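Welcome! Please take a moment with the sequence and the 3D view before reading on.

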Amino acid sequence: FQPQCLAGQRVLVTAGPTFEAIDPVRGISNHSSGKMGFAIARAAREAGAEVRLVAGPVHLPTPLGVRRTDVQSALQMQAAVQAELDWASVFVAAAAVADWRPAHSAEQKIKKDGSGQPPSLQFVENPDILAEAAASARARAGQLFCVGFAAESHDLQAQAEAKRRRKGVPLLVGNIGPATFGRDDNALLLLDAQGCKALPAGPKLHLARALVAEIAQRLGPA
Ligand code: C5P
């Protein structure tokens, strides 16, 4: 780990789950704790970058020196990211963005109507925040380096490589092993155009520091 290996870089990180409202008191979400993304924000700051963090609903302290924006939904996360994309030189999408949101969020709490029939929910797909960033003019001009994450239940390497190509990102990070949600340790598989490399199991902060060093190696001079 080179100290200050990200000096001069501006790193934007998304972290945590999103929460998609069904009505004012209910919604759908997932078990992402945000720990990996927060660790990456901290490690990038320690490595000398300016860091901005867009966080879904999580219970974590803001890393020292990091500017944080809290959001709830994928659409809010998309807007917060778009507002920073011209600023950023690196985008690390560690958030577990909900793939779908209810097509309509009721303004008032949905009540049981006595019929015994549950309400039916319709979903629409959320925008792919990472794929949008990777397709942006700045990313295509080499001014924005995009890093994605993948949590797959099986066949991680093949699935993650397919995802890397589909999203159009130079570096994709696979979570090795099931259910890293909420835990303090993890193991990562890095995939780029050259191939793949495992970062052995360890605390998320150690992995975040190793990932930051890997990102720094792939960047041109700031
Ligand atoms: O497609 P999948 O959700 O598995 O992709 C995971 C990667 O894409 C993560 O880096 C995640 O932060 C990002 N993503 C996103 N917007 C979405 C869905 C995923 O930025 N709507």
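What follows is a short tour of the ligand and its surroundings.

## Where the ligand sits

Keep in mind that this is a predicted model. Its ligand is found in the largest pocket.

## Polar atoms facing the ligand

In K163, a side-chain N or O atom is 2.3 Å from an oxygen atom of the ligand. K167 also has a polar side-chain atom placed 2.9 Å from a ligand oxygen.

I129 takes part through its backbone: an N or O atom there lies 3.0 Å from a nitrogen atom of the ligand. How much of the ligand does the protein cover? On its own the ligand has 440 Å² of accessible area, and the protein covers 86% of that.

An unreviewed UniProt entry carries the annotation "binding site" for D99, K109, P127, D128, I129, L130, F149, K163 and K167. Why do these residues not all gather at one spot? They span 69 residues in sequence and their farthest two C-alpha atoms are 37.6 Å apart, so they cannot all be found in one place.

Which of the annotated residues belong to the lining of the largest pocket? That lining includes D99, P127, D128 and I129, along with L130, F149, K163 and K167. This is the pocket in which the ligand sits.

How values were computed: Residues are numbered from 1 along each chain as its sequence is written. This is a predicted model: local features need pLDDT of at least 70, side-chain atom pairs count only at pLDDT 80 or more; totals for chains, interfaces and linings use all residues. Side-chain values use heavy atoms; hydrogens and water are left out. A polar contact is a pair of N or O atoms within 3.5 Å; within protein, one must be able to donate a hydrogen and the other to accept it, and residues adjacent in sequence count only if both atoms are side-chain atoms. Accessible areas come from the Shrake-Rupley method with a 1.4 Å probe; for residues, only the protein chains shown count as cover. On a 1 Å grid over the protein atoms alone, a cavity is a set of points where a 1.4 Å probe fits but cannot get out, and a pocket is an open set with protein on both sides within 12 Å along at least five of seven lines; lining residues have an atom within 4 Å of a point. A molecule sits in a cavity or pocket if more than half of its atoms lie within 2 Å of its grid points. UniProt positions are given in the numbering used here, feature names are shortened, and annotations may be inferred rather than shown by experiment.
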